[in-house]
Amino acid sequence: MKKYILLLALGLTACDKNLDMTPQGAPTTANFWKTPSDALAGVNSIYELYSDDDMYGRGFFWLNNASDDIGTKPRDNAERIKNFQVTGDESDTRNIWAKHYIVMKRANDVIRNLPKITMDEKLKNRYLGEAYFNHAVMHLELAYRYGDSRAGIPIQDRDNPENIYVTRQKSVADNYAYIAADLLKAAELLPTFSTYATADYGRAHKTAAWAYLARTYLYAKDYANAEKYADLVIASGQHALLDNFEDVFKTANNWSKEYIWSVTSSATDTRFGCIFPGVCLDDKGWGLYNGWGNFYPTKELYDSYQAGDKRREATILKTGDKFMYFGQERTYNTDKFVVSSSNRTGYQFRKYMEPYGYPNPIGTYVNPNGDKPSTSLNVPLLRYADVILMKAEAKLMQNKNADTELNMIRKRAGLENLTNATMSDLKRERRNELAGEWTDRHFDLVRWGDAQATYAQPLHHADGRVIYAARIFNPAIHNVWPIPPMEIQKSKNTLTQNQGW
């Protein structure tokens with residue numbers, strides 16, 4: 001078998017960077033899936049694509065660009081996404097589908113082959129739990145973006161990997177049921193995060209499975225179960241909110257009590273990790289680092305914060321704000337730190353700036369290779385505050401009082417308590433707490449039924465000028481994205497396109 005250097009999303013010493021696996025996770029000889037070492041290599045291969053550019057490096061965030069929170073560097077694909085004029089064949093989006101299915105295939109290879117390996121049963125169960133969990137996460141991310149009540153997405157044949165021409169499910173509800181079943185198996189098999197040795201940080205764990213169950217049921221509109229599994233996370237005692245919001249986004253807190261699931265980076269080797277912080281850094285990084293300047297906050301997002309909300313300044317840099325950069329205090333958008341000409345909004349996300357704040361951070365906190373601007377910072381995909389907000393939403397949708405949950409979030413933000421909070425309150429807290437993160441503001445608006453009205457309003461630069469005119473959003477078409485045409489071709493037309501695209 002060939003050796004492949006897998007740039008793992010995990011900063012784990014237990015995960016050898018030279019894994020004996022093909023890029024698709026399939027063995028090239030009949031000698032694989034025999035030993036505990038094969039089992040470890042197979043499980044490790046599942047995580048390899050997390051830090052891929054088409055995944056959490058940028059990937060879905062080009063689709064999140066549709067939301068009212070984000071403005072992008074001017075480029076044709078971003079403009080088409082913003083205006084819901086994509087075909088699914090754009091270079092920035094066409095690989096998202098395939099790479100998620102590659103990860104799912106690798107997980108299915110583990111699920112199918114691992115039981116026949118003679119090895120420690122406790123470790124075998126954990127490996128299986130990791131496979132079920134990661135399959136579910138990949139499956140969920142595709143399901144709600146590409147599936148609806150008219151058609152779900154294909155479910156791979158777990159027992160027969162050669163059967164690649166699989167039709168779409170009749171409804172995304174079928175996908176949600178399958179995802180939930182995988183997560184329930186994962187939760188049963190996985191240990192809690194606190195039992196892991198440092199070398200295994202970044203692997204799937206029990207409360208992460210419960211948290212994704214809450215997210216799955218929220219999308220499925222099964223609010224009782226969404227509340228139930230969010231409650232299990234909360235009651236586990238494994239997690240807590242950090243006292244200061246800005247501390248969540250510091251390298252030292254990559255594995256804090258607020259951590260649930262992230263694209264993990266290596267604080268000891270910045271070549272391995274997520275490029276998203278560099279993608280959000282001002283274009284060319286004021287001459288000190290190769291920032292890519294792809295995504296910026298809008299004035300609408302900045303103005304959505306209430307007066308006194310500590311999260312605003314921790315999330316967004318505006319003209320005149322002080323920030324640390326390469327060991328010195330700088331002033332945003334003044335003198336040598338004027339924003340680049342490609343900055344669409346006049347703001348920048350501050351959440352991911354911490355690795356750049358240290359003296360001489362390159363090589364210690366930041367990848368020396370600016371063409372892959374990964375950093376030492378874990379990029380959260382689902383954190384504890386999100387679980388609290390999901391519980392609040394589930395309770396409100398059942399006509400229950402959610403003041404306790406929302407006030408937990410507001411207290412840290414320095415805001416007064418709410419009484420008899422409404423869905424409008426929940427929507428604002430979710431937006432302000434999770435701005436610029438991978439929780440997907442666009443699909444929050446879609447599932448709340450708010451996208452059409454929201455996108456009918458223009459978006460603005462910090463100085464007040466319009467940067468995006470009002471847009472036409474047709475829920476009958478745009479509630480889902482187009483499936484990449486090349487995937488339909490590969491399927492020999494077994495796969496059908498979403499209606500209207």
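Predicted model: local features only at pLDDT ≥ 70, side-chain atom pairs only at ≥ 80, totals over all residues.
**View 1. Helices H1 and H6 packed side by side.** The crossing in which H1 passes H6 is left-handed. On the H1 side the contact is made by Ala39, Leu40, Val43, Ile46 and Tyr47, which meet Tyr127, Glu130, Ala131 and Asn134 on the H6 side. Sorted by class, the residues in this contact of H1 with H6 are 7 nonpolar, 1 polar and 1 charged.

**View 2. Helices H7 and H8 packed against each other.** Two packed helices are described by the angle between their axes and the distance between the axes. For helix H7 (residues 172–189) and helix H8 (residues 206–219), the angle is about 165° and the axes are 8 Å apart. Because angles over 145 degrees count as roughly antiparallel, H7 and H8 are placed in that class, roughly antiparallel to each other. H7 passes H8 in a left-handed crossing. From H7, the residues Tyr176, Ile179, Ala180, Leu183, Leu184, Ala186, Ala187 and Glu188 take part, and they meet Lys206, Ala209, Trp210, Tyr212, Leu213, Thr216, Tyr217 and Tyr219 of H8. By class, the contact of H7 with H8 is made up of 13 nonpolar, 1 polar and 2 charged residues.

View 3. Strands E7 and E8 (residues 328–331) run antiparallel and are joined by 4 bridges. Within this pairing Phe323 stands opposite Arg330, and Met324 stands opposite Glu329. The hairpin has 2 residues between its strands, and Phe326, which lies in the turn, has a positive phi of about 55°.

**View 4. Helix H15 and the elements around it.** Of the 11 residues in helix H15 (residues 423–433), 8 are buried, so the helix is largely enclosed by the rest of the structure. The buried residues are Met423, Asp425, Leu426, Glu429, Arg430, Arg431, Asn432 and Glu433. They pack against several helices, namely H11 (299–303), H12 (310–315), H13 (384–397), H14 (403–412) and H16 (441–448), and also against strand E10 (379–383).

View 5. Ser340 is found in the loop between E8 and strand E9 (348–349), and with a relative accessibility of 16% it counts as buried, since the cut-off for buried is under 20%. When neighbours within four places in sequence are left aside, Ser340 is in contact with Asp282, Asp283 and Tyr296. Gly287 lies in the loop between helix H10 (276–280) and strand E5 (295–297), and at 69% relative accessibility Gly287 counts as exposed, because exposed means over 50%. Although Gly287 and Lys336 are 49 residues apart along the chain, their C-alpha atoms are separated by 9.2 Å.

Terms used
Residues numbered from 1 in each chain as written. Heavy atoms only, no water. Buried < 20%, exposed > 50% of the residue type's maximum accessible area, 1.4 Å probe, protein only. Pairing = 2+ DSSP bridges. Left-handed = near helix turned anticlockwise from the far one by under 90°. Contact = heavy atoms within 4.5 Å. Nonpolar A, V, L, I, M, F, W, Y, C, P; charged D, E, K, R; others polar. Axes fitted to C-alpha atoms, helices over the stretch in contact; angles between N-to-C directions. Parallel < 35°, antiparallel > 145°, perpendicular 65-115°, else oblique.
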